[in-house]
Amino acid sequence: MHDYRDDNLWRTTSEEKRAEEKLKEEEYNDLRRAAEVHRQVRKYARKAIKPGMTMIQIAELIENGTRALVEESGLEAGIGFPTGVSLNHCAAHYTPNAGDKTVLAYDDVMKVDFGVHVNGHIVDSAFTMNFNPKFDKLVEAAREATYAGIKEAGIDVRLCDIGAAVHEVYDSYEVELDGKTFDVKPIRNLNGHTIDPYRIHAGKSIPIIRDSGDETLLEEGDHIAIETFCSTGRGYVVEDGECSHYARSAEAGFVPLRLARAKSLLATINKSFGTLPFCRRYLDHIGEDKYMLGLRNLVDAGVVTAYPPLVDTKGSYTAQLEHTILLRPTCKEIVTKGDDY
């Protein structure tokens, strides 16, 4: 818990604001329960994950732990979105599909980004794992920058000011890798975001660069993910590689589907995930098969959105740290904070 500053300091002791919070207690407790699951799963994962494991083993270890601890139950509690285990120049949106033979190596830098939800209230938190200490500085940069963003965040704070605070930290870092020195750059087209029930990316994007020009204000009640990414490459990502991440579009109205397989797959998606993101392995897990044609049809029709991996230049390295924050009426709560980060 962090008290608000300056013009919002009065909130800390306001009886009226405390009364407002009482009405939200159930929602807060759902988020706290989800966050406790996240802490326990990541504690186990950080101990258990070692070079030599396949990406499927790593993702399933996290997912099975989450399902068990949150007591998975349809749309009432479960995994918030696909387990990201993006490696090196890939910054986000990579999870293995069935048959992926990729093995974690000693020199890999892996962003572990996973979510847990209770009644659609999602916690989204991520950390970076490295085994070779030469990457420690890169990982530290992401942590320090994210905490600068968290410190800046608050009610009535402009989004551009959060971006400026983050960027300032990244400017102070450089890393030496194998005798070459690299500036650590924020990845300018990746952002933090607000979160709504069953919607991981809601209306606001929280920049991680200065001069974004976004003067939108954070507001009381906002449920936000402050995440920052940095890179030794150009600091800009593009879509590349086989897609694993999908989500039903919350905006798409009724679309007539001619393909029977697309209709039946959409019924499964609605029942099992709603608007929560999913991956191909999650479809395998609930017993769907031969779904690729139907899935492509849903994507082409605009009913489902595909989110391919996001990569910087090949040979570069990227790091990430992310927390979920609640801008409660009386204080700022870093819901996913733990002993580890």
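Which element gives the largest share of the lining of the second largest pocket? That would be H4, with 4 residues; helices (H or I, at least four residues) and strands (E, at least two) are DSSP runs, numbered from the N terminus. Before going on, keep in mind that this is a predicted model, where local features need pLDDT of at least 70, side-chain atom pairs count only at pLDDT 80 or more, and totals for chains, interfaces and linings use all residues. Residues are numbered from 1 along each chain as its sequence is written, and side-chain values use heavy atoms, with hydrogens and water left out.

A pocket here is found on a 1 Å grid over the protein atoms alone: an open set of points where a 1.4 Å probe fits, with protein on both sides within 12 Å along at least five of seven lines, and its lining residues have an atom within 4 Å of a point. The second largest pocket holds about 320 Å³, a volume being the space filled by probe spheres set on the points, which are joined across faces, edges and corners. Its lining has 17 residues, and Tyr4, Arg5, Glu152, Ala153 and Val157 lie nearest its centre. By class, that lining splits into 6 nonpolar, 3 polar and 8 charged residues (Ala, Val, Leu, Ile, Met, Phe, Trp, Tyr, Cys and Pro count as nonpolar, Asp, Glu, Lys and Arg as charged, the others, Gly among them, as polar).

Now for the largest pocket, at about 760 Å³. Among its 35 lining residues, His93, His193, Ile200, His201 and Tyr307 are the closest to the centre. Strand E1 (77–87) is one of the elements giving two or more residues to this lining, and E1 has the largest share, 4 residues. The class tally reads 14 nonpolar, 13 polar and 8 charged.

On to the salt bridges, each a side-chain nitrogen of Lys or Arg within 4 Å of a carboxyl oxygen of Asp or Glu. The count is 24. Glu15 and Arg18 make one of them, at 3.6 Å from N to O; they sit 3 residues apart in helix H1 (residues 15–23), so about one helical turn separates them. Glu15 is exposed at 58% relative accessibility, while Arg18 is partly exposed at 38% (buried means under 20% relative accessible area, exposed over 50%, partly exposed in between, with a 1.4 Å probe and protein chains only).

Lys134 and Asp178 pair up at 3.1 Å, N to O, and this bridge links distant parts of the chain, 44 residues apart.
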